[in-house]
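Please keep the model open beside you as you read.

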Amino acid sequence: MEQILNWKIEQSLLEKVTALARQTGQSPEKIITEAVKQYIEAATIQQTTEPDPLIGLFSSSSDLATQADDILQQEITQNSGWTWKEPS
């Protein structure tokens, strides 16, 4: 099904599309169609991408990655079940 849009393109944009069409050997219609597809895809991805619900759920030390062993050692209690393994 073919649709015709009544769209008045800005002159500077038309010149850029026409120049690009000449450079790439494609029709202006093909270039505009591809641009619209990419725009819609990007907009759809932004709408469907939800933020990670775990981000911000836990508060912790900012140096957790580098100080994990020290932080765990501070949490060890007799009843915690955490023990250090001795190297064999």
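A residue is called buried under 20% relative accessible area, exposed over 50%, and partly exposed in between, using a 1.4 Å probe and protein chains only. At 30% relative accessibility, proline 28 therefore counts as partly exposed, while leucine 5, at 72%, counts as exposed. The model you are viewing is predicted, with local features needing pLDDT of at least 70 and side-chain atom pairs counting only at pLDDT 80 or more, whereas totals for chains, interfaces and linings use all residues. Numbering starts from 1 along each chain as its sequence is written, and side-chain values use heavy atoms, with hydrogens and water left out.

**The chain as a whole**

The secondary structure comes to 3 helices and 0 strands, running α-α-α from the N terminus. Helices (H or I, at least four residues) and strands (E, at least two) are DSSP runs, numbered from the N terminus. Some overall values follow.

| Property of the chain | Value |
|---|---|
| Share of the 88 residues that count as buried | 5% |
| Accessible surface | about 8,800 Å² |
| Share of that surface belonging to carbon and sulfur atoms | 55% |

Accessible areas come from the Shrake-Rupley method with a 1.4 Å probe, and for residues only the protein chains shown count as cover.

**Around α1**

Leucine 5 sits in the segment before α1 (11-24). Together with Trp7 and Leu13, Leu5 forms a nonpolar surface patch with about 370 Å² of accessible area. Such patches take residues with over 30% relative accessible area and no salt bridge, joining nonpolar side chains (Val, Leu, Ile, Met, Phe, Trp, Tyr) within 5 Å and like charges within 9 Å. A salt bridge here is a side-chain nitrogen of Lys or Arg within 4 Å of a carboxyl oxygen of Asp or Glu.

After α1 comes glycine 25, with a positive phi near 75°.

**The largest pocket**

Which residues line the largest pocket? Leu5, Trp7, Ile9, Leu14, Val17, Pro28, Glu29, Ile32, Thr33 and Val36 do. α2 (28-48) and α1 each supply at least two residues of this lining, and the largest share, 5 residues, comes from α2. The volume of the largest pocket is about 260 Å³.

On a 1 Å grid over the protein atoms alone, a pocket is an open set of points with protein on both sides within 12 Å along at least five of seven lines, and lining residues have an atom within 4 Å of a point. Grid points are joined across faces, edges and corners, and the volume is the space filled by probe spheres set on them.

Proline 28 belongs to helix α2. Its C-alpha lies 6.0 Å from that of threonine 18, 10 residues apart in sequence.

Conventions
On a 1 Å grid over the protein atoms alone, a cavity is a set of points where a 1.4 Å probe fits but cannot get out, and a pocket is an open set with protein on both sides within 12 Å along at least five of seven lines; lining residues have an atom within 4 Å of a point.
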